[in-house]
Structures are given as C-alpha cells and as structure tokens.
Amino acid sequence: LGSILTPKKRKNPKLTPIRKRIGFVFQFPEYQLFEETVLKDIMFAPKNFGESEEKAKAQALEVSNLLGIPKELLKKSPFNLSGGQMRKVAIAGILSYNPDVLILDEPTRGLDPEGAREIMEIFYKIHKQMHKTIILISHDMNVVYQYATRIICMKDGSLSYDGKKEELFKSDKYQEYDLDKPHVLKAVDYLNEKLNLNLDYNIYTLDDLIKRLEVEYHE
C-alpha cells in the first residue's frame with residue numbers, strides 16, 4: 001500500500017481582510033444554511049471573523065430588520081422556512097459581516113417574476129441604504145437593464161464591452177454577445193416603428209413606459 005502525503009493547507013492571514021470586504025451571493029444562497037436557528041445562521045459569519053457574541057447578534061438583528069425578517073422567525077430552524085424566507089436569511093448572513101462589495105451570481109435564478117422583483121428590490125435597497133458596491137452576474141437582460149448602471153460584457157474570456165447599458169442596446173453589439181434585448185426596449189422599438197413615436201432608451205421598465213406614454217402622448 002502506498003500513500004501520498006500533502007502539506008496541510010494553512011490560512012493566509014493576508015487574505016482574511018480581503019475576504020471580509022467581499023460577500024458572494026450564490027445562485028441558490030439558501031443552500032448555504034446549516035445552523036440550528038435563523039439567528040445563529042446570520043451570526044455565524046461575523047463570529048467567524050472574530051466579532052464577540054454580543055456584536056455578532058447586534059449585527060444580525062440589524063440586517064434582519066433591514067431585510068424584513070420577522071423577529072419570530074429568528075428562533076426557528078432555517079429549514080422550516082419558505083424558499084423566499086430561506087433566501088433572505090442566507091443574504092442576511094452575508095450582510096451581517098458588513099462587506100463593502102456584494103457579488104451576485106444569477107440572483108433571480110429559479111424565482112418567479114414576483115420573487116425576482118422582490119429579491120432585486122432588496123439588493124437595490126441595500127445599495128442605496130448601506131452604500132454597497134454590487135456586481136451583478138446575470139443573463140437576464142430585463143433585470144440588468146432595470147437595475148445596472150454600468151455593463152461589462154465578456155467574450156471568450158476577454159473584456160469586450162464596458163459602458164452604458166443604453167449604448168449597448170442602441171447598437172448591434174448585444175447580438176454579438178448572444179444577449180436578448182430587454183422586453184421594455186422591444187416594446188419601445190415596436191411603438192416607434194408602428195406609431196411613429198420618438199421614444200428613447202431611457203425607459204427601464206414597462207411601468208416606466210406606460211407613464212412616459214401617459215405624459216407625452218395622451219390626448
């Protein structure tokens with residue numbers, strides 16, 4: 001019998017401050033839950049980064065309130081929650097150690113339209129109220145067009161576009177990247193062509209489009 005000896009992996013202390021600054025939200029963050037109660041799960045990250053029990057609890061309660069997690073759920077097992085509640089708890093666990101940057105990997109994957117809207121509104125609220133930089137990785141151009149302020153496209157492992165979302169979809173470049181045009185822009189194109197309107201691309205949702213039509217083209 002033979003054996004292979006490998007050196008033990010050691011924690012790199014230089015990476016810990018970097019890890020603390022970045023929070024990664026997986027496609028299905030609820031799969032990351034593992035503690036006995038919701039509160040313990042949210043407290044785990046700050047405690048792991050060296051915070052005291054009291055401070056970790058205070059931070060957990062703060063983000064729970066921000067995300068609208070009812071206090072009565074904090075003593076429950078995270079596995080007895082609904083899918084939407086589990087996702088909120090998982091996100092709260094990431095926010096609890098107060099990272100500067102959040103990286104979202106397809107955050108609306110597996111959600112119905114209402115669930116997708118709710119989760120993106122949560123991240124928008126986090127961005128506005130907590131002043132977090134948010135990097136959104138998504139193939140859903142409806143979500144991207146509504147929420148993103150800067151678009152970066154990768155092709156064959158290289159940066160191929162970095163600029164405004166309006167400019168990307170005004171050109172034919174988005175087709176080169178196999179991206180679908182957002183629904184609202186398809187509606188804008190249709191109305192401009194069929195009704196000879198002059199709507200621009202500074203319209204980000206169908207509700208915005210309706211309001212613009214009411215203001216500019218009502219009779």
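This is a predicted model: local features need pLDDT of at least 70, side-chain atom pairs count only at pLDDT 80 or more; totals for chains, interfaces and linings use all residues.
**Pockets, a nonpolar patch and salt bridges**

I will begin with Phe44, which is partly exposed, with a relative accessible area of 35%, where buried means under 20%, exposed over 50% and partly exposed in between, using a 1.4 Å probe and protein chains only. Residues are numbered from 1 along each chain as its sequence is written, and side-chain values use heavy atoms, with hydrogens and water left out.

Phe44 is found in helix α2, residues 38-48; helices (H or I, at least four residues) and strands (E, at least two) are DSSP runs numbered from the N terminus. Together with Phe34 and Phe79, Phe44 makes a nonpolar surface patch of about 310 Å². Such patches are made of residues with over 30% relative accessible area and no salt bridge, like charges being joined within 9 Å and nonpolar side chains (Val, Leu, Ile, Met, Phe, Trp, Tyr) within 5 Å, and the areas come from the Shrake-Rupley method with a 1.4 Å probe, only the protein chains shown counting as cover for residues.

Phe44 also brings us to the second largest pocket, where Phe44, Ala45, Asn48, Phe49 and Tyr97 lie nearest the centre out of 22 lining residues. A pocket, on a 1 Å grid over the protein atoms alone, is an open set of points with protein on both sides within 12 Å along at least five of seven lines, whereas a cavity is a set where a 1.4 Å probe fits but cannot get out, and lining residues have an atom within 4 Å of a point. The second largest pocket holds about 570 Å³ of space, the volume being the space filled by probe spheres set on grid points that are joined across faces, edges and corners. Which helix gives the most to the lining of this second largest pocket? It is α2, with five residues, while α1 (16-21), β1 (22-25) and α4 (83-95) are among the elements that each supply at least two.

Turning to the largest pocket, about 960 Å³ of space lies there, and of its 30 lining residues the closest to the centre are Leu136, Ala148, Arg150, Ile151 and Ile152. By class, the lining of the largest pocket has 19 nonpolar, six polar and five charged residues, where Ala, Val, Leu, Ile, Met, Phe, Trp, Tyr, Cys and Pro count as nonpolar, Asp, Glu, Lys and Arg as charged, and the others, Gly among them, as polar.

Arg150 lies in the loop between α6 and β4 and Asp162 in strand β5 (residues 158-163), so the pair ties together parts that are twelve residues apart in sequence. Arg150 is exposed at 53% relative accessible area, whereas Asp162 is partly exposed at 40%.

A search of the whole structure finds 15 salt bridges. Among them, Lys170 pairs with Glu167 at 3.7 Å between the closest N and O atoms, both lying in helix α7, three residues apart, about one turn of the helix.

Definitions and conventions: A salt bridge is a side-chain nitrogen of Lys or Arg within 4 Å of a carboxyl oxygen of Asp or Glu.
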